[in-house]
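Hello,

Here is the structure for you to look over. My notes on the strands and helices follow below.

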Amino acid sequence: MELSSEDSLRLNVLLANAKAIRIDENTCSVCGLSLNGEARIKLNPNCHTDRYLRYVREVLSSTVLGSPGGYPVYLKRWTRIGQLNHGNLDELLMLGEPEAVVAVVCSPNLTDELAFRAWWAMPDAENARRMLERDCVVSGSMGRVLAEFLLEFLPFEVDPLTIIHTVRLLLQPGLISADERLGIWHKGRQKNVFQIGFLLATPDHLPEPMPAHNDWSRADHDLGPLAASGNPYAQQVLRSLSGPGQTFLRACQAVLRKPSNQDVVMALLDVQALYFGILQPPVAQTTESEVGEFHARVAAWCTGEGGQAPAPLRETLLAAPWAEVPLTAMLTLACCDQRIVRSIFSGTDSVGSLMRRKLEPISQPLLRLLESLLEN
């Protein structure tokens with residue numbers, strides 16, 4: 001079977017001028033992107049449409065790659081983690097194959113120009129997220145284009161992890177305006193998963209900042225020199241008691257009080273642990289560990305009962321003995337990532353208020369720890 005003579009001629013002309021090819025199966029047509037804009041060929045099948053389009057792809061592959069085999073779509077997993085290398089990404093955009101476009105989008109060699117062509121070939125939200133993971137795209141002409149699409153599409157996303165990832169990408173410098181940024185933050189009042197994206201992306205630059213803790217001036221006086229010398233414990237005390245730190249902790253508290261589902265809980269716990277992660281004490285975690293147990297073991301470690309505390313911690317407590325309580329709370333939070341709720345979530349798929357009741361043995365002690373770090 002061959003293409004009709006008319007289609008064969010027009011397709012070859014299109015290939016000679018195009019920078020990217022897109023096949024529209026619904027209208028049975030082939031579109032090409034060139035320097036002069038977009039051109040479209042309406043196909044005239046001489047057999048069943050699906051078979052004819054498959055042959056069109058074979059012709060495209062033979063012309064572009066020299067092989068009718070086309071792009072190896074069966075290697076989908078490798079494609080999407082950017083591990084399938086291809087010498088010339090331009091060629092992949094000429095195949096009219098969606099999986100080949102994804103290979104370009106996920107490639108570590110993606111450029112802003114290739115992003116423009118790939119977006120024309122397959123304007124998809126997941127492709128936009130993939131491309132905004134590349135600095136060259138974020139800082140290029142396509143950064144704002146992709147951000148506008150994701151921002152418009154964001155209210156229709158339902159998967160919590162996708163929302164968090166999208167918000168994190170949108171908060172990269174230069175992509176959205178201050179008003180748009182604040183608008184996303186306000187969405188978190190009804191759907192707090194939006195705020196987790198902020199906690200992950202910009203923990204020290206959250207909207208609607210709060211004032212510093214009353215103890216911040218004392219902390220700055222007692223621990224300022226240690227923090228300036230690079231002491232991580234002194235730095236974290238100052239960070240947490242500052243205005244941005246209080247804003248972060250208050251937002252964590254608000255989300256933990258009313259998480260909507262298990263993904264939100266686990267994401268929040270990981271964000272909190274990451275925020276205090278530099279203080280991670282040598283306290284082993286098991287699936288049966290509880291917050292109170294962590295707190296007791298961390299307190300013992302701080303005082304030297306559970307092993308020799310590191311010199312920076314001893315220096316911090318010597319300079320500011322009053323900081324033992326907040327530091328113990330911070331160190332405990334550093335231990336409590338998503339692993340601490342696995343034993344609860346492994347036995348239930350509940351969401352909403354039922355999930356929150358089951359979570360109380362974990363959430364209530366964590367809320368008390370957060371409260372101990374906040375100005376009343």
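Which residue in E2 does Ile23 stand opposite? Ile23 faces Val30 there. Please keep in mind that this is a predicted model.

The sheet first. It is open, has three strands in the order E1-E2-E3, and pairs in the antiparallel sense. E1 and E3 are at the edges with a single partner strand each, so one side of each has no neighbour in the sheet. On average, neighbouring strands are turned by 20° against each other, direction ignored.

Now the pairings. Strand E1 (residues 20-24) runs antiparallel to E2 and is joined to E2 by five bridges. Besides the Ile23 and Val30 pair, Ile21 of this pairing has Gly32 in E2 as its bridge partner. The hairpin of E1 and E2 has four residues between the strands, and Cys28 in this hairpin takes a positive phi near 50°.

Leu33 has Glu38 in E3 as its bridge partner.

Strand E2 (residues 29-34) is mostly covered, with five of its six residues buried.

As for the helices, H1 (residues 5-17) lies across E1, E2 and E3 and runs at about 165° to E3. Helix H2 (residues 49-65) lies across E1 and E2, at about 170° to E1.

Regards

Note on methods. Residues are numbered from 1 along each chain as its sequence is written. This is a predicted model: local features need pLDDT of at least 70, side-chain atom pairs count only at pLDDT 80 or more; totals for chains, interfaces and linings use all residues. Side-chain values use heavy atoms; hydrogens and water are left out. Buried means under 20% relative accessible area, exposed over 50%, partly exposed in between (1.4 Å probe, protein chains only). Helices (H or I, at least four residues) and strands (E, at least two) are DSSP runs, numbered from the N terminus. Two strands pair if DSSP finds at least two bridges between them. Axes are lines fitted to C-alpha atoms, for helices over the stretch in contact, and angles run from 0 to 180 degrees between N-to-C directions. Contact means heavy atoms within 4.5 Å.
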